[in-house]
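Keep the 3D view open as you read.

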Amino acid sequence: MGLLKYIARRLFFLVFLVIGVSLVVFVISHSVPSDPVLANLSQRNIDNPEMVEAFKAKWGMDKPLYTQYFIYVGNLVQGDLGTSIRTQRPVLDDLQDYFPATIELAIFSIIIAIIFGMLFGIISAIKRNSAMDQLIRGISVLGVSVPSFWLGLMFLLLFYVHFGIAPGPGRISPYLKPPVEVTNLYVIDALLAGNWSLARDALWHLLLPGLVLGSFTMGLITRTTRSSLLEVMSLDFIRTARAKGLTEKMIIMRHALGNALIPVVTVIGIGFGNLLGGMVLVETIFAWPGIGQYAYKAAGNLDFPAIIGVSILISINYVVINLLVDILYGILDPRVRYH
Amino acid sequence: MSDDIGQDDLLRINNLNVQFRTSEGVFRAVRDVSISVRSGETLGIVGESGSGKSVTALSIMNLVPNPPGETSGEIIFNQQDLRELSAEEVRKIRGNEIAMIFQEPMTSLNPIHTCGKQIMEPLLLHKGFSKKEAKARALELLTMVGIPIPEQRFKEYPHQLSGGMRQRVMIAMALACRPKLLLADEPTTALDVTIQAQIMELLKNLRQEIDSAIIMITHDLGIITEMCDRVVVMYAGQVVESGPLKELIREPLHPYTEGLLRSIPTITREKLRLHTIEGTVPSPFEMPFGCSFQPRCNYSTSICSEKAPDLIHVSPDRAVRCWRQVNELGQD
């Protein structure tokens, strides 16, 4: 009961967050020393004052800024995110089209990051100071510090161009047709349609961008798991577990890991948020038709409604992920209670 | 060197040495300690912080972390040297035939498992109980250690219990497999005074019920006098005196024991100030030459700062490490 109330309250605050984010992004995007007219109209139309006036009038840019904002918020509370200047379609429709590709990639990345991050972290902690530990620590430092645009280009160059073992950019091979749309997550949709080879192809295409996108989070999870596990292993209740005669494996699996996971969950939350931020670069490099590319193009055109729309979407994601992390705390740690 | 008591000892430690290599140098926590415990007996080990009493207990369980700890000597339990056994064989004895209660009940239980689960664990591991049997035994243990509404406590997590209750859970857990030897390392130190008394009362009563031998480690001579049969006094990693409780209280042979006994507060004594032993325990890195206690000793003579005394037996039951006794014996 307490938990449901807690979730309801957190979601209620989401409303204020969305309005706040819209304000901040609105102010920042309008302060950019650039002109949407220049970004969107051709040179001939720019020279034509009537065309410029018509453009401004169409997008409400002839009104004072605060009026523009109130109109925007007025539409926002009715669930209308406006129309994209660039695509001329409702922003909500655009987001619905582009978001599944992003979510599919993000989920794939975070799963890879969690599995390998935790695995590496555990091995590293158990084999502390061994050659294996040094190697893993080296990899995790690289994962955290190498910029994703460079890693993405190198991966493409090596595994696609040079060795030819990984597929090229895009969500599926160019000669294949996308699966029937259900969730718009290609792997899931292909599986639902029973098309195994298509699912495998889609999964295979996720590999390189997924690794690049997840490398930072994986490094972070590895390091946190290692240090957290080492810390827990030095606590009194681990000595109690030893005194009970448990094997080292039981001590780690039953007594240490559960406690060590608590800080790791926080890092997974942070990492997932980070992932969505890193999307812009990775999607652009891998020609991934997702929200990152959409945001990149919208920013280039000073497409205000699209920019604000993407920002709101990503901030909602942050909130939902943080909420999930907080709920997970309660599952992992019986001392956490929701009020 | 050892307390020669004979073959019926349950546990016999011979010439135990434990040292830690640290960046500041080698720290000899336990120096040449020999102790024996008979079945069913309660042995008290008393000493100040840093006297090596806890490390002695941990080394019986083979729980001294290595590195940095290095252990040597013999630990003979049930006619077999635990130090000769494989890690796997020692593990099967731990928590089963030898169990331990720790000083900090607040942190010694795993916060993410219920108390019941933690009590059941050694039963499932060592005794091959089914879950149902283990639960029944766990509830029985909770009742035995005086926990009200055991069915409810069984399901609760450690943070829902008070310090005293947690220590009772620790005791229940230690007694789960009916150990032959129970090591209690300052079981009441971290608790409130009133709770301390309750836990001591519980341990005293349990002593009659279970027929485990107990090694009670404490810095509190009051606890020792309440429940021990024999006492070992440790100072700076060494045994300085050992013997039956009554004899040791009536006639302490080592100046340190004498000092400890004189510092117990009593109601009858009409002194306003408690007796204290002058000075502090020497730093493990700067042990005084000769006898370790010599800088604080009122009876110190020239030989005390020149040569370290050996542990000598003044009677079959009593041993002491002091030049005064050596000299007296020599004169006899």
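How many residues of chain B are in contact with chain A, and how many of chain A with chain B? The counts are 22 residues on chain B and 17 residues on chain A. Bear in mind that this is a predicted model.

**Where the chains touch**

- Start with the chain B side of this contact. Two elements of chain B give two or more residues to the side that touches chain A: helix 2 (87-93) and helix 3 (115-126).
- Helix 3 of chain B gives the most to that side, with 4 residues.
- Sorted by class, the side of chain B that touches chain A holds 10 nonpolar, 7 polar and 5 charged residues.

**Chain A: helix 1**

- Helix 1 of chain A covers residues 2-31, which makes 30 residues.
- How far apart should its ends be? At 1.5 Å a residue, helix 1 of chain A should span 44 Å.
- Is helix 1 of chain A largely in the open or largely buried? Of its 30 residues, the number buried is 2, so helix 1 lies largely in the open.

**Chain B: overall build**

- Chain B contains 11 helices and 12 strands.
- Along the principal axes, the C-alpha atoms of chain B fill a box of roughly 65 × 50 × 40 Å.
- Of the 332 residues in chain B, 45% are buried.
- Now take the contacts in chain B with a separation of 6 or more. Residues 24 or more positions apart account for 63% of them.

- Where the two domains of chain B meet, 12 residues of domain 1 are in contact with 12 residues of domain 2.
- On the domain 1 side of this contact, helix 7 (residues 193-209) of chain B gives the most, with 4 residues.
- By class, the side of domain 1 of chain B that touches domain 2 has 8 nonpolar, 3 polar and 1 charged residues.

Note on methods. Residues are numbered from 1 along each chain as its sequence is written. Chains are lettered from A and ligands numbered from 1 in the order in which they are written. This is a predicted model: local features need pLDDT of at least 70, side-chain atom pairs count only at pLDDT 80 or more; totals for chains, interfaces and linings use all residues. The expected span of a helix is 1.5 Å times one less than its number of residues. A residue is buried if 20 or more other C-beta atoms lie within 10 Å of its own, exposed if 12 or fewer, and partly exposed in between; C-beta atoms are placed from the backbone. Two residues are in contact if their C-beta atoms, placed from the backbone, lie within 7 Å. Ala, Val, Leu, Ile, Met, Phe, Trp, Tyr, Cys and Pro count as nonpolar, Asp, Glu, Lys and Arg as charged, and the others, Gly among them, as polar.
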